[in-house]
Amino acid sequence: MSALSAKALQSRLRARTIGCRIHCKDRVASTNDEAWALAVEGAPDGTCVFAEEQTGGRGRLGRTWHSPRGAGLYLSLLLRRAIPLERVPLVTAVAALAGVEAVEAAAGLVPRIRFPNDLVVNGRKLAGVLVESRFISSRPDLFIIGFGLNVNQGEFPGELREIATSLRIEKGGEVDRTAVARALLEALDRGCDALEGPLPPIRRLWRRHAEILGRDVRVRLNGKSISGRVDEVDPVDGLLLRLPGGEVRSVRSEHVERLELV
Ligand code: BTN
């Protein structure tokens, strides 16, 4: 299992901005923290940080991201774009779509997007996106897109055993992390540029890859579970959930603690 290198990633990289600077670290707490530190030092739009291992990899809502050495891709991307507030949920959406595109190009599998920020294959989690933002001007203009993708994990510990998967498990053999990482940077480059263009194509594409449209789900919100059928799903507006009594409830992405198919 060879380590990622900036030189290998940048050779043949077809990207306008994303990956203009690449830092490959060995062991860090979280690549998102590394990216924030680079942002404070003035690193440019498109700077990326990869790590071989994270000791404090984090997910949404304070969860941890299992980041064993050399097995997955753990990366964070610094985006300096002034994005109107109403488009902010689309940053996660374009990152998830970039993950779908990259996994298809580099490994021949097409993951589905589990609202709001997971990529799943055969119902198991393959990847997750964690977007963090800060306002420097009057609107969000600095984002860190954290991406964790299970590539060569052969098995998962504890409760992850039942719910996580990797490209190696799905493909039945090792996958070249550099090829997947390069495909991801290229797809993120296109996706981040699309954030400044018309929204309907992003929403349509995202919806086409959404796993849960028309499915029965259980959603955990504010510590409580509700079940229903997904009538509509959109990266900005969230879910429309038809409850067993027929009532329709709207659920926004930031309130979703957990979502399971039932
Ligand atoms: C989630 O599923 O809740 C999001 C997981 C995001 C994990 C990635 S790994 C690289 C980056 N650094 C982190 O600490 N988290 C993100």
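**View 1. Strands β3 and β7 pair in the antiparallel sense.** In this predicted model, seven bridges link β3, made of residues 73-79, with β7, made of residues 140-149. To find your bearings, look for Ser76, whose bridge partner in β7 is Gly146. Strands of a sheet pair through backbone hydrogen bonds, either parallel or antiparallel.

**View 2. Seven strands make up an open sheet.** Welcome to the whole sheet: its strands follow the order β1-β2-β3-β7-β6-β5-β4, with mixed pairing. The edges belong to β1 (22-28) and β4 (112-114); each has a single partner strand, so one side of each is left without a neighbour in the sheet. From one strand to the next, the twist averages 25°.

**View 3. Helix α6 lies across part of the sheet.** Here you can follow residues 177-194, which form α6, as the helix lies across β1, β2 (48-54), β3 and β7. The helix runs at about 25° to β3.

**View 4. Ser67 sits in the loop between β2 and β3.** Is Ser67 buried or exposed? Its relative accessibility is 5%, so Ser67 counts as buried, the cut-off being under 20%. Setting aside neighbours within four places in sequence, Ser67 is in contact with Glu53, Gln54, Gly57 and Tyr74.

**View 5. The side chain of Ser67 makes a polar contact with the side chain of Gln54.** This pair is 3.0 Å apart. The Ser67 side chain also reaches the backbone oxygen of Trp65, at 2.7 Å. Now look for Ser30: this residue is 37 residues from Ser67 along the chain, yet 9.5 Å separates their C-alpha atoms.

Definitions and conventions
Residues are numbered from 1 along each chain as its sequence is written. This is a predicted model: local features need pLDDT of at least 70, side-chain atom pairs count only at pLDDT 80 or more; totals for chains, interfaces and linings use all residues. Side-chain values use heavy atoms; hydrogens and water are left out. Two strands pair if DSSP finds at least two bridges between them. Helices (H or I, at least four residues) and strands (E, at least two) are DSSP runs, numbered from the N terminus. Axes are lines fitted to C-alpha atoms, for helices over the stretch in contact, and angles run from 0 to 180 degrees between N-to-C directions. Contact means heavy atoms within 4.5 Å. Buried means under 20% relative accessible area, exposed over 50%, partly exposed in between (1.4 Å probe, protein chains only). A polar contact is a pair of N or O atoms within 3.5 Å; within protein, one must be able to donate a hydrogen and the other to accept it, and residues adjacent in sequence count only if both atoms are side-chain atoms.
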